Structure formats: C-alpha cells, structure tokens
Amino acid sequence: MAKMQYAGTGRRKSSIARVRLIPGKGNITVNGKSLDEYFGGLEILKNEVKRPLVLVGADSKFDVVARVSGGGTTGQGGALRHGIARALCMADEANRPALKAAGFMTRDPRMKERKKYGLKKARRASQFSKR
C-alpha cells in the first residue's frame, strides 16, 4: 500500500511552490536539495518556511518535498510557506483555524506593477527639463 501524502500549491509574487507532505521525520527538500542547501545562509527565510509546521506541532511528523519555480528567494520562501500551510489543512482540517489566524492561509496579493507606455518604469517618468 502506498504511503499517504498530502499536496498543496503555494504562490507569492511570480513564484509557485508545489508541496507534498509525506509522513516522516521532518526533512525538508526543495528542488532536490535540503532546505539549508537551497536557501544558504538566509536563516530568517528558513525559519519562515518552517513556521506553519512548528505552529501545528507537525515539524517532526512530516517530510516536505517541494518543487519551486519562478521569482527570487523571498518570493519562493513565501510560496513554500503558503504551500506547506495548504497541505497541512489537507492533512488535518483541525489545523485550519490556527494557520488562518497566523495568516499562513492567505495568498499575498502584492505583485509587480506593469510598465506603462510613455514612462520608463511602472511609475518612473523621464526627467523634466524646462529647456
């Protein structure tokens, strides 16, 4: 019989994380690398990714296997956190109120604003000159 696994998709900015929770010892693997190897010396980001697991006390119950694409490191960390929180809700619906209260279930809507014609960037106009 196959092991029970729970899936969740997390998004932030232009990053997408596909997360699977598998019963295990608490190892986190991102794109085939360990969490420490993938995010390097960014301790704040590593702690942010682990927060949903620690909040519900599942940090030593599940192994996390994730595929992350797009965006930068901060966006990918946020997407990973969102995906883990969603997968924890699939695992046990009783986790939802705690995760929602902590703000892990809400998708961060902030995106890069598009560039407008006649401007150099989204809001940056060319420098004004009187002559």
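Mentor: Let's start at Gly26, which is partly exposed, with a relative accessible area of 25%. On this scale, buried means under 20% relative accessible area, exposed means over 50%, and partly exposed is what falls in between, using a 1.4 Å probe and protein chains only. Keep in mind that this is a predicted model, where local features need pLDDT of at least 70 and side-chain atom pairs count only at pLDDT 80 or more, while totals for chains, interfaces and linings use all residues. Residues are numbered from 1 along each chain as its sequence is written, and side-chain values use heavy atoms, with hydrogens and water left out.

Where is Gly26, then? Gly26 sits in the loop between strand 2 and strand 3. Strands here are DSSP runs of E with at least two residues, helices are runs of H or I with at least four, and both are numbered from the N terminus. Leaving aside residues up to four places away in sequence, Gly26 touches Asp59, Ser60, Phe62 and Asp63; a contact means heavy atoms within 4.5 Å. Arg114 is another story: 88 residues separate Gly26 and Arg114 in sequence, and their C-alpha atoms are 40 Å apart in space.

Now for the sheet around that loop. The sheet is open, with five strands in the order 1-2-5-3-4 and mixed pairing. Strand 1 (6-12) and strand 4 (33-34) are at the edges with a single partner strand each, so one side of each has no neighbour in the sheet. For two strands to count as paired, DSSP has to find at least two bridges between them. As a bit of background, strands of a sheet pair through backbone hydrogen bonds, either parallel or antiparallel.

Strand 2 (residues 15-23) pairs with strand 5 in the antiparallel sense over eight bridges. Along that pairing, Ile22 is opposite Asp63, and Ala17 is opposite Val68. Remember that Asp63 is also one of the residues that Gly26 touches. Strand 3 (residues 28-30) runs parallel to strand 5 (residues 62-69), joined to it by three bridges, and Thr29 has Val65 as its bridge partner there.

Strand 2 also has strand 1 as a partner: these two pair in the antiparallel sense over seven bridges, with Tyr6 opposite Leu21. They make a hairpin with two residues between the strands. Lys13 is in that turn, with a positive phi of about 50° although it is not a glycine. Most residues other than glycine have a negative phi. At 45% relative accessibility, Lys13 is partly exposed. Asn31 is a second case of a positive phi of about 50° in a residue that isn't glycine. Asn31 lies in the loop between strand 3 and strand 4 and is partly exposed too, with a relative accessible area of 24%.

What does helix 3 bring in? Thr74 belongs to helix 3 (residues 73-91), and it touches Arg12 and Leu45, again without counting residues up to four places away. Thr74 is 57 residues from Ala17 in sequence, with 12 Å between their C-alpha atoms.

Stepping back to the whole chain, you get four helices and five strands, running β-β-β-β-α-α-β-α-α from the N terminus. Among contacts between residues at least 6 apart in sequence, 68% join residues at least 24 apart. The radius of gyration is 18 Å, while a compact globule of 131 residues would have one near 14 Å; that radius is taken over C-alpha atoms, and the globule rule is 2.2 Å times the number of residues to the power 0.38. The C-alpha atoms fill a box of roughly 75 × 30 × 25 Å along the principal axes. Buried residues account for 34% of the 131.
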